[in-house]
Amino acid sequence: MPEWLNALPKAELHLHLEGSLEPELLFALAERNQITLPWADVETLRAAYAFNNLQEFLDLYYAGANVLRTEQDFYDLTWAYLQRCKAQNVIHVEPFFDPQTHTDRGIPFEVVLRGIQQALHDGETQLGISHGLILSFLRHLPEEEAFKTLEQAMPFRDAFIGVGLDSSEKGFPPRLFERVFAKARSEGLHAVAHAGEEGPPEYIWEALDLLKIKRIDHGVRAIEDERLMQRIIDEQIPLTVCPLSNIKLCVFEHMGQHNILEMLERGVKVTVNSDDPAYFGGYVGENFAALHEHLGMTEAQAKRLAQNSLDARLA
Ligand SMILES: [Zn+2]
């Protein structure tokens, strides 16, 4: 990565902590927790990181998350991510975590949260990285389950800045979660949601109008709907775009076809993020580098993208 790219101060606003679990750490945690893995070694696991769509990735992602058991595991996961941030001059993070991925396996909510929180705290004091944590609901599970998760979270209300919506998009439109998002907002939490990654522009409309989100996660399919484009430009609603993820999950065939710079030039408040870096081949820095290499992103464009990420912070 060019040094000028690395040196730009950036914020990362779309990152799933469970998606930053590198194969080496995954194997180390499996050994520590005496878990037998379905993969022979790190190389075999890495070779499995070839996906045709979002669901194929999610199946592997949930299998990998199974090695996370103790508070220390969640600390180590988060700490490893923050060190990557430090190396790439990411000065602020607003990561997601998926409590349901863990509570459904019998890991208590507070075990997950305490490990993450301690690492974020140490990241602030030792690495100078500020943060705001976002609790994300799994949309392939019923809204009832999301309500239960929100209830479990409320004793720790101050640990979060907002709620999000992730996992399988197609067939699970935002409108299914209108009530639980209303409840979360009534508790003073910000709302964000994945929309318009694989799903149609209608899902972005729903996320804006029904969930009343402050930021759209992904949102690259907004470009198919001119009226929607005009709205997100007029209202300067940030999009947390994840270029390498979009290529890995076949949202675009090749980075040369990605629309992020076209959106930027049209006045959309787009930002660059890594989504699930351990699975998609890179952190924020590698995502910026890919835009430079394949789309000819200029230094001026990189500066605007980095500034957008700082402007779009919720914390
Ligand atoms: Zn995501």
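**Zinc site and parallel strands in a predicted model**

Strand E2 (residues 90-93) pairs with E4 in the parallel sense over two bridges; helices (H or I, at least four residues) and strands (E, at least two) are DSSP runs, numbered from the N terminus, and two strands pair if DSSP finds at least two bridges between them. This is a predicted model, in which local features need pLDDT of at least 70, side-chain atom pairs count only at pLDDT 80 or more, and totals for chains, interfaces and linings use all residues. Residues are numbered from 1 along each chain as its sequence is written, and side-chain values use heavy atoms, with hydrogens and water left out.

**The sheet E1-E2-E4**

- Three strands form an open sheet with parallel pairing, in the order E1-E2-E4.
- Strand E1 (10-12) and strand E4 (130-131) are the edge strands, each pairing on one side only.
- E1 and E2 run parallel and are joined by three bridges, with Ala11 opposite His92 in E2.
- His92 also stands opposite Ser130 in E4, while the bridge partner of Val93 in E4 is His131.
- In general, strands of a sheet pair through backbone hydrogen bonds, either parallel or antiparallel.

**Strand E7 and its neighbours**

- Five of the six residues of E7 are buried, so that the strand is mostly covered; buried means under 20% relative accessible area, exposed over 50%, and partly exposed in between (1.4 Å probe, protein chains only).
- E6 and E7 run parallel and are joined by two bridges, and Val163 stands opposite Ala191 in E7.
- The chain passes from E6 through H9 to E7 in a right-handed β-α-β crossover; a crossover is right-handed if, with the strands pointing away from the viewer, the path from the first strand over the helix to the second runs clockwise.
- E7 also pairs with strand E8 (residues 215-218) in the parallel sense, over four bridges, and His194 stands opposite Asp217 in E8.
- A right-handed β-α-β unit is made by E7, helix H10 (residues 201-209) and E8.

**Helix H9**

- Val180, Phe181 and Ala184 are buried in helix H9 (residues 178-186).
- These residues cover an arc of only 100 degrees around the axis, which puts them on the same side of H9; the arc is that of the directions from the helix axis to the C-beta atoms.
- The buried residues of H9 pack against strand E5 (134-138), helix H8 (143-153), strand E6 (162-166) and strand E7 (190-195), where contact means heavy atoms within 4.5 Å.
- Gly188 follows H9 and has a positive phi, near 85 degrees.

**The zinc site**

- The zinc ion has the protein donors His14 (NE2), His16 (NE2), His194 (NE2) and Asp275 (OD), which lie 2.1 to 2.2 Å from it; donors are N, O and S atoms within 2.8 Å of the metal (3.2 Å for Na, K and Ca), and water is not among the atoms, so sites may look incomplete.
- Along the chain, the donors of the zinc ion follow the spacing H-x1-H-x177-H-x80-D.
- His194 lies in strand E7 and Asp275 in the loop between strand E10 (270-272) and helix H14 (277-280), so the pair ties together parts that are 81 residues apart in sequence.
- His194 and Asp275 are both buried.
- The arrangement is irregular because the four donor atoms around the zinc ion subtend angles of 83 to 173 degrees; four donors count as tetrahedral if all angles lie between 85 and 135 degrees, four count as square planar and six as octahedral if opposite donors are over 155 degrees apart and all others between 65 and 115, and anything else is irregular.
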